Amino acid sequence: MTNVVLSAVSHIDRFLQQVGLRSQRRYAGLVYDSVTKQPIDPAVVKLIHVDEPGLPTEDCVSDIRGCFGFVVQPGRSKLLVRASGYTFPSDRVRGFHDGQFR
């Protein structure tokens, strides 16, 4: 899709949410050690809205299983993760995949 089409879809989606015809999206994830595949607890995860810089950032802390979640407005967002003793993204992983997660 072109950027114009994606932008139009984003605006329509936002309008449908505002009038109550569509609910917000919920995104969840897992923070884990790239070598041991064990969950990282606690990790601070920050959601930054790329398309809407005026929206406040949101923070959450991963639980004992490394899980976190946000209710997200449509549009592009990015995550920043911090945990003691770790670098995100991992220096040991090349590309977007680090093998099979167990």
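Ala, Val, Leu, Ile, Met, Phe, Trp, Tyr, Cys and Pro count here as nonpolar, Asp, Glu, Lys and Arg as charged, and the others, Gly among them, as polar. The model is predicted: local features need pLDDT of at least 70, side-chain atom pairs count only at pLDDT 80 or more, and totals for chains, interfaces and linings use all residues. Residues are numbered from 1 along each chain as its sequence is written, and side-chain values use heavy atoms, with hydrogens and water left out.

The protein holds 1 helix and 5 strands, taken as DSSP runs (helices H or I, at least four residues; strands E, at least two) numbered from the N terminus. Their order from the N terminus is α-β-β-β-β-β. Of the 102 residues, 21% are buried (under 20% relative accessible area, 1.4 Å probe, protein chains only). Among contacts (heavy atoms within 4.5 Å) with a separation of 6 or more, 61% join residues 24 or more positions apart.

V45 belongs to strand β2, residues 44-49. V45 counts as buried because its relative accessibility is 0%. Beyond four places in sequence, V45 touches V31, E58, D59, C60, F68, F70, L79, L80 and V81. V45 and F68 stand 23 residues apart in sequence, with 7.6 Å between their C-alpha atoms.

The lining of the largest cavity consists of H49, V50, D51, E52, L55, V72, Q73, P74, G75, R76 and S77. A cavity is a set of points on a 1 Å grid over the protein atoms alone where a 1.4 Å probe fits but cannot get out; lining residues have an atom within 4 Å of a point. The lining divides into 4 nonpolar, 4 polar and 3 charged residues.

Definitions and conventions. 1 Å grid on protein atoms, 1.4 Å probe; cavity = no way out; pocket = protein on both sides within 12 Å on 5 of 7 lines; lining within 4 Å. Buried < 20%, exposed > 50% of the residue type's maximum accessible area, 1.4 Å probe, protein only.
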